[in-house]
Amino acid sequence: MQDMDKAVAVICDAIRKGEAITVFGDYDVDGVTATAILLTYLRKQGAKVDFYIPDRHGEGYGLNIAAVEQIASHSQLLITVDCGITCAKEVARAKELGMRVIVTDHHEVKFKEENGVRIYQVPAADAVIDPHQEDCNYPYKELCGAGVAYKLVRVLLEELEIDPAKAEYLIENVAIATIGDVVNLTGENRIFVRTGLEMLKKTKNEGLKALFECTGIDVENLNTYHIGFVIGPCINACGRLDTAKRALALLRAKTEREADMLAGDLKALNESRRDMTDRVVDEAMA
């Protein structure tokens, strides 16, 4: 994928130098799982890495100048997941503050028309990984943000001479994101979902196991409905009513006790979200 080699070179350099890295994600199911994927594997490679997920109500979607300035006070490398492709001003500010920036995204690239010619407006980052870029010849364009993050992890492992198969368990996160973000279930996405559903049936992720149990899902018969209408909404509810950091904590839970507590929180938030939706619909109908 375009700029993948540049991104991997920058990340490897940052790890080697012991630079602080911040992964900047989105607050929905795709952004949270993409953040978990990159965070997990950068830490496994000894990277000094933290994350930043914006507040939906106070900050809105994508990079913002205040967040960039805060991150620049303690990080030398900023990596976006599931966002950033439309954030030219914010990326420029990050560069002004001395950070290196890698944008990974799956959304359409902004463009303007001049004399009938499309001029694409790509942020001036050190690397931009997005299959929708004009010059990107990657054959499948419909990946979600977590899918792009997973691709980056695989190439990173190859560069570090580590078997990329060691990251394959992360496909279960990609499957959740692919269904939850409602991207096309064709090509690679179909493979991710089919493979991921089978992996989820025997997942070792404490948070996901707790969420399946808490929501009463029969894991042996797990299908896209359960992800799209039960698991995905529980993760999304955090970003809508509370903080998406709670959902990320669930995906990264280390103990059964921690996982059970967080799963209960996510289920309760989703039930509140459903009640609010029903109430608003009733008011609108009245």
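## Burial and basis of the model

Of the 286 residues in the protein, 52% are buried, where buried means under 20% relative accessible area, exposed means over 50%, and partly exposed lies in between, with a 1.4 Å probe and protein chains only. This is a predicted model, in which local features need pLDDT of at least 70 and side-chain atom pairs count only at pLDDT 80 or more, while totals for chains, interfaces and linings use all residues. Residues are numbered from 1 along each chain as its sequence is written, and side-chain values use heavy atoms, with hydrogens and water left out.

## Overall fold and dimensions

The protein contains 11 helices and seven strands, these being DSSP runs numbered from the N terminus (H or I of at least four residues for helices, E of at least two for strands). Its radius of gyration is 19 Å, close to the 19 Å that the globule rule gives for 286 residues, so the protein is as compact as a globular protein of that length; the radius is taken over C-alpha atoms, and the rule is 2.2 Å times the number of residues to the power 0.38. Along its principal axes, the C-alpha trace spans about 50 × 50 × 40 Å.

Among contacts between residues at least 6 apart in sequence, 70% join residues at least 24 apart, a contact being heavy atoms within 4.5 Å.

## Surface and charge

The protein exposes about 13,400 Å², of which carbon and sulfur atoms supply 48%, with areas from the Shrake-Rupley method and a 1.4 Å probe. There are 34 positive and 46 negative charges, and their mean positions are 3 Å apart; Lys and Arg count as positive and Asp and Glu as negative, whereas His and the chain ends are not counted.

## Helix H2

Helix H2, residues 29–44, has 16 residues and reaches 23 Å from its first C-alpha to its last, close to the 22 Å expected at 1.5 Å a residue, the expected span being 1.5 Å times one less than the number of residues. H2 is mostly covered, with 14 of its 16 residues buried, and just after H2 glycine 46 takes a positive phi of about 85°.

Valine 182 sits in the loop between helix H6 (171–180) and helix H7 (187–200), and it is exposed, with a relative accessible area of 71%.

Terms used: The place of a charge is taken as NZ of Lys, CZ of Arg, CG of Asp or CD of Glu.
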